[in-house]
Amino acid sequence: MSNIFPKAAITGHPVAHSRSPLIHGYWLKKHGLAGEYGRVDVAPETAEAFYRNFSASGLIGANVTVPHKETAAASCDWLDEAARTMGAANTLWLDESGKLCGANTDGLGFLGNLDQLSPDWDNAPGTALVLGAGGAARAIVWALLSRKFTTVHIVNRTQEKAQRIADEFGSKTIAHGWEKLGKLLEEADLLVNTTSLGMTGKPPLEIDLAPLPTTALVTDIVYVPLETDLLKNAAARGNPTVDGLGMLLHQAVPGFERWFGVRPEVDDTLRALILEDLGVSA
Ligand code: NAP
């Protein structure tokens, strides 16, 4: 592997369908930077050795996707607060002394998207309602607490998983089963779907929005389709809405800045490029 240009990559298993090379490739070209961003498929049985000996990979840093985010975090010499809290890293870099550093930027991606598309969204942080309790939900709960939401309700089909997140993050987070949804919607200032429901090829997200105040911001991290039924129904009754594509784009910003020295912007051209690649209409 050549060391002439700084080289980073998406690592995980599989990585063939990752949009990260397209995102970073766009920014490298836009800024006229001599760098490369590729794909490295890391087989599960080699993952521990790969991340432990990351400096031997020829990469200056990497993104990490499923199923290696936890293995990557465990291999790091230093973790940022989000990665430490979640025990999972999606962004790696080598510091000047060759130590492996890790961050989790999924939550920052969620925040960056809302900051860009709904700038006043956290002016008076109140009660958030998060649907789902998977990996993305954990990052989003972290993000919401970092912006001082007073209460974060987590509703999940498997209530124990919601409870695990609530136990981890403390008394401001409360776990519930799906049957509590109607009551919780009444109090919500922000509604976030982090389940895979509503995504093309998955079952629909069936939810009666009637109790939700029309002032509540509604966001869905599913971005295929870009305007999910949740967002469509929320917009039809007057709620402000933000789609989930920007979360994917903004989570990439900190890594690019670390590796290539320029803080890139999430602009309309990048959004259009990724939407075209996804075969999704804006
Ligand atoms: P995950 O860890 O597998 O979690 C999936 C969640 O969806 C769980 O809460 C699961 O509930 C729920 N779920 C799945 N099928 C369900 C069903 N039939 N009925 C009720 N609940 C169901 O996945 P993840 O990594 O958190 O990702 C979740 C979604 O977010 C995916 O669609 C992913 O593509 C998207 N995502 C988007 C971004 C972005 O940048 N915009 C980033 C990350 C993820 P149980 O716990 O009960 O199984």
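Student: How many salt bridges does a search of the whole structure find?

Tutor: The search of this predicted model finds 12 salt bridges in the whole structure. We can take a few of them in turn, asking each time where the two partners sit.

Student: Which residue forms a salt bridge with Lys232, and how far apart are the closest N and O atoms?

Tutor: The partner of Lys232 is Asp229, and their closest N and O atoms are 3.9 Å apart, which counts because the cut-off for a salt bridge is 4 Å.

Student: Why can residues three places apart in a helix point the same way?

Tutor: The general idea is that an α-helix has 3.6 residues a turn, so residues three or four places apart point the same way. In this structure, Lys232 and Asp229 are 3 residues apart in helix H9, which spans residues 229–236, and are therefore separated by about one helical turn. Lys232 is partly exposed at 42% relative accessible area, and Asp229 is also partly exposed, with a relative accessibility of 46%.

Student: Which salt bridge links distant parts of the chain?

Tutor: Consider the side chains of Asp243 and Arg271, which meet in a salt bridge at 2.9 Å from N to O.

Student: Are Asp243 and Arg271 buried or exposed?

Tutor: Asp243 counts as buried, because its relative accessibility of 14% falls under the 20% cut-off. Arg271 counts as buried too, at 15% relative accessibility.

Student: How is the salt bridge of Arg263 to be read, and which residue is the partner?

Tutor: Arg263 forms a salt bridge with Glu257, and the closest N and O atoms of the pair are 2.7 Å apart. Arg263 counts as exposed at 53% relative accessibility, whereas Glu257, at 32%, counts as partly exposed. Salt bridges can also join into a network, as they do here for Asp115, Asp122 and Arg147.

Student: Turning to helix packing, at what angle do helix H5 and helix H6 pack?

Tutor: One reads the angle together with the separation of the axes: helix H5 (residues 106–117) and helix H6 (residues 135–146) pack at about 60 degrees, and their axes are 8 Å apart. That angle makes H5 oblique to H6, and the crossing of the two is right-handed.

Student: Which residues meet in the contact of H5 with H6?

Tutor: From H5 come Asp106, Gly107, Leu108, Phe110 and Leu111, and these meet Ala139, Ile140, Trp142, Ala143, Leu144 and Ser146 in H6. By class, the residues of this contact divide into 8 nonpolar, 2 polar and 1 charged.

Student: How do the axes of H6 and helix H7 cross?

Tutor: The axes of H6 and helix H7 (residues 159–169) come within 11 Å and cross at roughly 35 degrees, and this crossing is right-handed. Ala137, Arg138, Val141, Trp142 and Leu145 in H6 meet Ile165, Glu168 and Phe169 in H7, a contact that has 6 nonpolar, no polar and 2 charged residues.

Student: What are the buried residues of H1, and which elements do they pack against?

Tutor: The buried residues of H1 are Ser20, Pro21, Ile23, His24, Tyr26, Trp27 and Leu28. They pack against strand S1 (7–12), strand S2 (36–41), strand S3 (61–64), H10, H11 and H12. As for one of these partners, helix H1 (residues 20–30) and helix H11 (residues 253–260) pack at an angle of about 50 degrees, with 11 Å between their axes. In that contact, His24, Trp27 and Leu28 in H1 meet Val253, Phe256, Trp259 and Phe260 in H11.

Student: Where does Leu231 lie, and which residues is Leu231 in contact with?

Tutor: Leu231 lies in helix H9 and counts as buried, with a relative accessibility of 2%. Leaving aside neighbours within four places in sequence, Leu231 is in contact with Val218, Thr219, Asp220, Leu226, Thr241, Val242 and Asp243. Asp243 is also the residue whose side chain meets that of Arg271 in a salt bridge.

Notes:
Residues numbered from 1 in each chain as written. Predicted model: local features only at pLDDT ≥ 70, side-chain atom pairs only at ≥ 80, totals over all residues. Heavy atoms only, no water. Helix = DSSP H or I, 4+ residues; strand = E, 2+ residues; numbered from the N terminus. Buried < 20%, exposed > 50% of the residue type's maximum accessible area, 1.4 Å probe, protein only. Axes fitted to C-alpha atoms, helices over the stretch in contact; angles between N-to-C directions. Parallel < 35°, antiparallel > 145°, perpendicular 65-115°, else oblique. Left-handed = near helix turned anticlockwise from the far one by under 90°. Contact = heavy atoms within 4.5 Å. Nonpolar A, V, L, I, M, F, W, Y, C, P; charged D, E, K, R; others polar.
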